[in-house]
Amino acid sequence: MSKDWNARTKMVHGGSRRSQYGEVSESIFMTQGFVYETAEAAEARFVELGDDEFIYARYGNPTVRMFEDRIAAIEGAEDAFATASGMAAVNGALMSILKAGDHVVSSRALFGSCLYILEEVLARFGVEITFVDGADLDQWRKAVRADTAAVFLETVSNPTLEVVDLKAISEIAHAVEATVIVDNVFATPVFSRAIEFGADVVVYSATKHIDGQGRCLGGVVLGTKEFIRGPFETYLKHTGGAMSPFNAWVMLKGLETLDLRVRAQAESAEKIANALEGHEKLERVLFPFLKSHPQNEIAKAQFEKCGTVLSIDLKGGQEAAFKFLNALEICIISNNLGDAKSIVTHPATTTHQRLPEDQKTLLGISPGLVRISVGIECSDDLLQDILGALDAV
Ligand SMILES: *Cc1c(COP(=O)(O)O)cnc(C)c1O
């Protein structure tokens, strides 16, 4: 594969491995294990694994490897390891880097399960965590110390879509040799330049845009060959978070159309955000590419386009938000994002329900807030659906 190909070409051809049949569509190698011609060949493979050699699907599998090579090529990473879910990826990245006594600095606005790993699991094993407001560089500067082993952040936060200055935070972290781990779901592999901006380890929930059609769970961790095939692979292969070959095949097919889908979704999201800004029923519209967004400049410098998700805050709190949700005809009420279908979520009563009230306030998760993940439907229809539902409020 040529390194000069554009990402969109790599999404179609990157990592392809063909069997002796020369199949067009990637094969699903639905096998747990692999046969060795001789006892000597088995012994040799356990001593050293050559290219295109596999031992056991928990360690690696040809279909899974195709997905890993394809996403690594797209992201501009040396290597990648696929996992059973996004959370297996986040957990593996943190667990394979950290040990008791280490210090971690993390932005506070995190996906709930990521917060659980940091606050509950890692803390139990003697890792000290300092949480900061991700958008406030002074807080990062004050929190990072000589013994900080890692910083963890979401490039764009959920559901309030705060953008962190990845380049600046990477410089702060690298000054003390801390590893920068980025949960990059909202930026998407299409608009991400996380490695160029200083990230050492990039994590995706492939469940979101990469599948993009709501079928499978999956995750992936990207980084240097030394990290991925060293501590990360060792941790993952022994703790059982491997991706199923079937799911890897779904994700490979998802990557083929990722650029087309995500660009169309991002264009619609921007159009809808622009059309809704200033609407009389709305307190605010949150979308990083709106001029009114507090980190608009950083978003423009960091991303070519900003994602497929916007959030709106309805005047009239939860009652208004529920009326709006119930009046929608195209957008479905669910909690995934990045899907081909437009999905609306009320974070305060679902994804972020368990957060204490003061944390919700701190994170801007107000009772009227609705997250809209924009799908691939016709944007005129979506806008009409949303405006119609606002009228019903
Ligand atoms: C969905 C999501 C995860 C978890 O991914 P799963 O595939 O559901 O395990 C982690 N981080 C972010 C930002 C997410 O959106």
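1. The ligand sits in the largest pocket. Here a molecule sits in a pocket if more than half of its atoms lie within 2 Å of the pocket's grid points. A pocket is an open set of points on a 1 Å grid over the protein atoms alone, where a 1.4 Å probe fits, with protein on both sides within 12 Å along at least five of seven lines; lining residues have an atom within 4 Å of a point.

2. Before going further, please keep in mind that this is a predicted model, in which local features need pLDDT of at least 70 and side-chain atom pairs pLDDT 80 or more, while totals for chains, interfaces and linings use all residues. Residues are numbered from 1 along each chain as its sequence is written, and side-chain values use heavy atoms, with hydrogens and water left out.

3. Around the ligand (a heavy atom within 4 Å) you will find Ser85, Gly86, Met87, Phe111, Glu154, Asp183, Val185, Ser205, Thr207, Lys208 and Gly218. This shell divides into three nonpolar, five polar and three charged residues.

4. The protein covers 92% of the 380 Å² of accessible area (Shrake-Rupley, 1.4 Å probe) that the ligand has on its own.

5. The largest pocket holds about 830 Å³ of space, the volume filled by probe spheres set on its points. Of its 38 lining residues, Leu110, Phe111, Gly112, Ser113 and Thr351 are the closest to the centre. The lining divides into 16 nonpolar, 14 polar and eight charged residues.

6. Do check the loop between strand 4 (148-154) and helix 7 (166-174), where Pro159 is placed. The peptide bond from Asn158 to Pro159 is cis, with omega near 0°. Leu161 is in this loop too, and its phi is positive, near 60°. Most residues other than glycine have a negative phi, and most peptide bonds are trans.

Terms used:
Ala, Val, Leu, Ile, Met, Phe, Trp, Tyr, Cys and Pro count as nonpolar, Asp, Glu, Lys and Arg as charged, and the others, Gly among them, as polar. Helices (H or I, at least four residues) and strands (E, at least two) are DSSP runs, numbered from the N terminus.
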